[in-house]
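Q: Hi! I'm new to reading protein structures. Could you walk me through this one?

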Amino acid sequence: MLNFELLIPELTLAGVAIIVVLLDLVVPRKGFLPVVSIAGVVVAAGFTIAMWGGGSQALFNNMLAVDKFALFFKLLFLAIAALVILSSVDYVSKFARFQGEYYALVLLSALGMMLMAATAELISIYIALELTSISLYVLVGFLKDPKSTEASLKYLLLGAVASAVLLFGMALVFGFTGQTQLGEIAGAIQGMSLAGVLDSPGLILGMVLMVAGFGFKIAAIPFHMWVPDVYEGAPTPITAYLSVASKAAGFAIILRVFYSAFGLPSWLSLDWGLVFAVLAAIGMTLGNVIAIPQTNIKRMLGYSSIAQAGYLMVGLAVVGFSPAAEVVGRSSLLFFLASYALTNLGAFTAIIAISNKVGSDLIQDYSGMGKRAPLLALALTLCLISLIGMPPAAGFMAKFYIFSGAVQHDLLWLVIIAVINSVISAYYYLRVVKVMWLGKPASEEKVPSSGALRLALSLSCLGVLLLGVIPGYIMKLAEMAAKMFAF
Amino acid sequence: LDFNYLTTIIFLPAVGAILIAFIPGLSEKLVKRLAAVFTFVPLALSIYLFTIFDRSASAIQFEEKFSWIPAINAHYHLGVDGLSLPLVILMTFLGFLVVLISWKIDLRPREYFAWLLLLETSILGVFCSLDLLLFFLFWEIEVIPMYFLISIWGTGRREYSAIKYVVYTLFGSAMMLAGILSLYFTTGSLSMVDIAQGGLAMVQSVMPVTAIFFLLLVGFAVKLPVFPLHTWLPDAHTDAPTAVSVVLAGALLKMGGYGMIRLCVSIFPTVAQQYAPLLVAFAVVSVLYGAAVTLRQTDLKRLIAYSSISHMGYVLLGIFALGRVSLTGATLQMFSHGVITGLLFAMAGLVMHNAEERNLGKLGGLVRQMPIIAVIFSVAGLGALGLPTTSGFAAEFLVFVGSFSSTAVAGIQVYTILGVLGIVITAGYILWMLQRVFYGPALKQFDKAKDADILERGYIFAFVAVIMLVGIYPAILTDVIKMGVMPVMGLLGG
């Protein structure tokens, strides 16, 4: 069936992106563009919320699913896009040209991610992924200085390799099941015997290659090589965007593919669950250890995001280990993604505000920020505490929730590795806190921040505190979303 | 009776902290007054709770319970019983006095008092929480104010000490978190009350209960601290500002002892009985090792810090002797040590502030210049070595009598006698310290050192009054404590 009304949020976003580009040509006051973009995002979010009450539906011959799972992620991406646009206003106003294209590309990649969360078919997954990636390649190189260009090129080349690997994996899965729709792949696999699957290692190889392809998106070790350089070179709002939205989209698609297509029989899910458990253990350990000696805060947060991907993969392992009917693995993953998104956006917004004034991303230049910009420093401190996973911030509840699922399913070893990792991470996160509050300020000059930045920062910090102290409501939403899978 | 006393007591300091931090343009004087008000009201309220506490019921009182996170069955559940009420009073008492002790702080006073008040909220929360998640939340929050308080307002190697404190505590609480999660899935509940009453065979076991017991115990042992997990303590104490040392020694360490009774003993009575001999041995090692190391200290604050390790060994001994009297003694010892060591640190702070010297080798003869400080310091010292009429005597006496007569651990008499030897060493280092600081010929360089001023006299007399009151009439507390110990003994089958 062609129920186009189910695509209204996406169509709105596409329309707004085009309008922004056109407006850029005719409107001399560029301050107008972010306002239009955010208005578009809000309207799209309104349509998405209106669809929450409906049941799960499918369109285009089951290529796209509109279920609560997809809607949860769509809302998350729209919220992230709005915050990123808010925190970009200052940054972009310094550009001489292409301001409209910047906002349009942010909106288009958000559109790609929204489609990623909804796709339930291998080919449309690939298309949605490419729509997201290509917009992001351009955004990473937007500064056009050597670092930014290098980052963009690196991201493009490695991303192309990852896409190729992913496509190869998809081709193998298609070859051995004869299907591209996730539900039908699941049916084909369940029709095979154990010996049948073991006799066709091509299917397993296909799955492994898909893990590798998606692993690039979520910055899982060993597919993380691009992260530090790209994070350092990209415009800071785009780094924030990459670190949360791109990662969340990757997890959304992994969750849907592996849960829907490869979720049964249980020996298969135990297998990939174990793969994710091992990747998680390696990812968080290496990410945290390498983050310690970093001197550039964007690089440090790059490695930290690799470690956070490790914690998130604990959730994927739980999904693999738990019976299909159980919801805790999926819902805890959703909750973690929401709280991680708010936290990292908050941290990057504070960094944007500070870097605007200081003109440097080196941690040592944050010295004495507690005196020069007490509220900014306080907000950044809250976000870093949340990244460590300490209360009263969202990160604590997220970790508690995700680890509680892991303990339940014989993954206590992984939880112990994870909590020890949290202690290690405290060391480098607190180093930034230390520099800000204990260091001598380089000058007495205050660090002002614009209204848009302050708004973005207070929204994310408010979210971090709310999710940390009264997480019940969002947890319930995550649970509903995790239950409602169309496929 | 609909008034939520405990919520008010816990969160008033936090409200004060927020006001102090965010109201623009507060003068330094007003900040201090606000801090005093927002700590005095909780003190008054907790004393009021103490007077209306029902001394004939062993149940949880002043309970508040609301659903908090339905998805994981967590509740906002507060309540006090005979075990926690004395510690709540101890914290509110110290909380108010440390504001007075900090009256002369002039470096970034707004931030200082905001963190100090936040610290009080988190410690009070630990003592009042009856939900494991809420308990852990408050337990973790405490680390952040401590980090800032030590690293900004401390002395010496303050940044090193602060990060060492954080890493030790986070390591302990990481283990504890794994323990709490396992407990949650073993029983399907986060309520301490339900778990203790329902036993451990409620749903399923994810790992041996012994392992859960030790995961939790490590978290508490770091905080108490128990040898060999104690090495953060001397550094943190030595470099912390005076008021923070008072809270750290006075109330923070007690979180460890309280957690051991509330969780390790109450939830795992059989495991506790099985491993009691081992833990009692650790207790004696802590007592003797702590006391022996204290003898060799030359820094005034470091000396008192090490003495805490020895005194907390008595708490561990009392807890894992697993007897009615010994548990009562251990709880009383926590209260008594809180007040006595709080006073010792406050006095050490005064000496250091007024004489501008902390090395025992260079101090001497101060009784001429600061007679009041000398007298009160001696009273505190005598309390620490357990002189009758001080609370230290009552508490240590109960611990020793209780442990000696306990039947839970074979051969505990030997351990107890070894522990009593600690008292002898304590007498040695306390008297020697007093002698080196106050007696001997008066030194010229201290001629300008002042004695305690009127505010300082006020708070040190408050300390002394409490020490004497509990020392002369210990039943005022033991009547309450024994109602808290009774259910624990019921679980232990004694």
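**Rings, a hairpin and a helix**

A: Happy to! Let's start with a tryptophan: B:Trp139 is buried, with a relative accessible area of 1%. Keep in mind that this is a predicted model.

Q: Which ring does B:Trp139 form an aromatic pair with?

A: That would be B:Phe220, and the pair is edge-to-face, with 5.4 Å from centre to centre and 70° between the planes. The two residues belong to distant parts of the chain: B:Trp139 is in helix 5 of chain B and B:Phe220 is in helix 9 of chain B, 81 residues apart.

Q: And is B:Phe220 buried or exposed?

A: Buried, because its relative accessible area is 0%, and buried means under 20%.

Q: OK, how many aromatic pairs are there over all chains?

A: The count comes to 48. One of them is A:Tyr311 with A:Phe403, which is edge-to-face at 6.5 Å centre to centre, with 65° between the planes. That pair also links distant parts of the chain, since A:Tyr311 is in helix 13 of chain A and A:Phe403 is in helix 17 of chain A, 92 residues apart. A:Tyr311 counts as buried at 1% relative accessibility, and A:Phe403 is buried with a relative accessible area of 1%.

Q: What sits over the ring of A:Tyr311?

A: The charged end of A:Lys399, 4.1 Å from the ring centre. Elsewhere, A:Lys94 lies over the face of A:Tyr91, at 6.0 Å from the ring centre.

Q: Which residues are in a cluster with A:Tyr91?

A: Ring pairs link A:Tyr91 with A:Phe95, A:Tyr102, A:Tyr103 and A:Phe142.

Q: Switching topic: how do strand 1 and strand 2 of chain B run?

A: They run antiparallel, joined by 6 bridges. B:Gln61 stands opposite B:Val80 in strand 2. The hairpin has 4 residues between the strands, and B:Asn73 takes a positive phi near 60° there.

Q: Why is strand 2 of chain B described as largely enclosed?

A: Because 7 of its 7 residues are buried. In a regular strand the side chains alternate between the two faces of the sheet. Here both faces are covered: B:Ala74, B:Tyr76, B:Leu78 and B:Val80 are buried on one side, and B:His75, B:His77 and B:Gly79 on the other.

Q: Last one: how many residues of helix 4 of chain A are buried?

A: 18 of its 20, so the helix is mostly covered. Helix 4 of chain A covers residues 99-118 and reaches 29 Å from its first C-alpha to its last, close to the 28 Å expected.

Conventions
Residues numbered from 1 in each chain as written. Chains lettered and ligands numbered in written order. Predicted model: local features only at pLDDT ≥ 70, side-chain atom pairs only at ≥ 80, totals over all residues. Heavy atoms only, no water. Expected span 1.5 Å × (residues − 1). Buried < 20%, exposed > 50% of the residue type's maximum accessible area, 1.4 Å probe, protein only. Pairing = 2+ DSSP bridges. Phe/Tyr/Trp six-rings, centres within 6.5 Å; stacked < 30°, edge-to-face > 60°. Lys NZ or Arg CZ within 6 Å of the ring centre and 35° of its normal.
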